[in-house]
Amino acid sequence: MHHRPSVFKACVFLVAASACVASLAQAADSKLDDVLKRGHLIVGTGSTNAPWHFQGADGKLQGFDIDIGRIVAKGLFNDPSKVEFVVQSSDARIPNLLTDKVDMSCQFITVTASRAQQVAFTLPYYREGVGLLLPNTSKYKEIEDLQAAGDGVTVAVLQNVYAEELVHQALPKAKVDQYDSVDLMYQAVNSGRADAAATDQSSVKYLMVQNPGRYRSPTYAWSPQTYACAVKRGDQDWLNFVNTALHEAMTGVEFPAYKASFKQWFGVDLPEPAIGFPVEFK
């Protein structure tokens, strides 16, 4: 007796074939292929926020975000210079992705669940937090010394509706003085009107790099937030590639470039990735 394929089996075959065709079409349409054909990467970033992205004395963009873009370009073309940076405002970081004006945005973007509904985030490349900047001559060494001083400590902070609450998360009894600009906040520390300034830890570290021996900072930081690059949703091949480039910069073959950038902008010597069992599975 001859057996004919059942209608169910035929449907399964058709569904599988359709999925395969859709998968191949998606792979063919990947941003990865477009970028490789174009011959250079286009990265959206800023130009006014050291140490992340700012113009140097020569007018060229530099900073940690800029170095991250070059690392991805190196992965694509074995040439970190094959990248075009599009300067954009912070509110254009997502729209420029959605309209394909840039291939990726790398502009100290804080990862949030809300933003993840609009874009796909890459692996994180930095974890920000609030840190304290103190004069190098300060009698206070670590956060415990400042906490023990209670309301005898004055902390300068950039004016914000949450400024006082943010400082009090770490120093519940400290006096908080708010300033209209970052320069005024630092002046308060330099003049002795404030014992410390509370700001992004990356800014604290960069200021210490720029002014050797003038400032120091307790090791304690708080209020963590994650920085990642962003790409357009729906292109897994492109996201996978950028993640691979970032992962190997932080843990593998491109680590020397990431380490050098981290040292340049934050003054921190990163430990070498452990050899042997992959740290990702510990």
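The cover over the buried residues of helix H2 includes strand S1 (41-45), helix H3 (64-77) and helix H9 (236-251). The model described here is a predicted one.

**Helix H2**
- Helix H2 spans residues 31-38, and its buried residues are Lys 31, Leu 32 and Val 35.
- Viewed down the axis of H2, these buried residues lie within an arc of 105 degrees, so they line one face of the helix.
- In general, an α-helix has 3.6 residues a turn, so residues three or four places apart point the same way.

**Helices H8 and H10**
- Helix H8 (residues 201-210) and helix H10 (residues 255-266) have axes that come within 7 Å and cross at roughly 80 degrees.
- Angles of 65 to 115 degrees count as roughly perpendicular, and H8 and H10 are therefore roughly perpendicular to each other.
- H8 contributes Ser 202, Lys 205, Tyr 206 and Val 209 to the contact, while H10 contributes Gln 264, Trp 265 and Phe 266.

- An open sheet is formed by 3 strands in the order S2-S3-S4, with antiparallel pairing.
- Strands S2 (48-49) and S4 (61-62) stand at the edges with a single partner strand each, so one side of each has no neighbour in the sheet.
- Strand S3 (residues 53-55) is joined to S4 by 2 bridges, and the two run antiparallel.
- Phe 54 has Gln 62 in S4 as its bridge partner.

Conventions: Residues numbered from 1 in each chain as written. Predicted model: local features only at pLDDT ≥ 70, side-chain atom pairs only at ≥ 80, totals over all residues. Heavy atoms only, no water. Pairing = 2+ DSSP bridges. Helix = DSSP H or I, 4+ residues; strand = E, 2+ residues; numbered from the N terminus. Axes fitted to C-alpha atoms, helices over the stretch in contact; angles between N-to-C directions. Parallel < 35°, antiparallel > 145°, perpendicular 65-115°, else oblique. Contact = heavy atoms within 4.5 Å. Buried < 20%, exposed > 50% of the residue type's maximum accessible area, 1.4 Å probe, protein only. Arc of directions from axis to C-beta.
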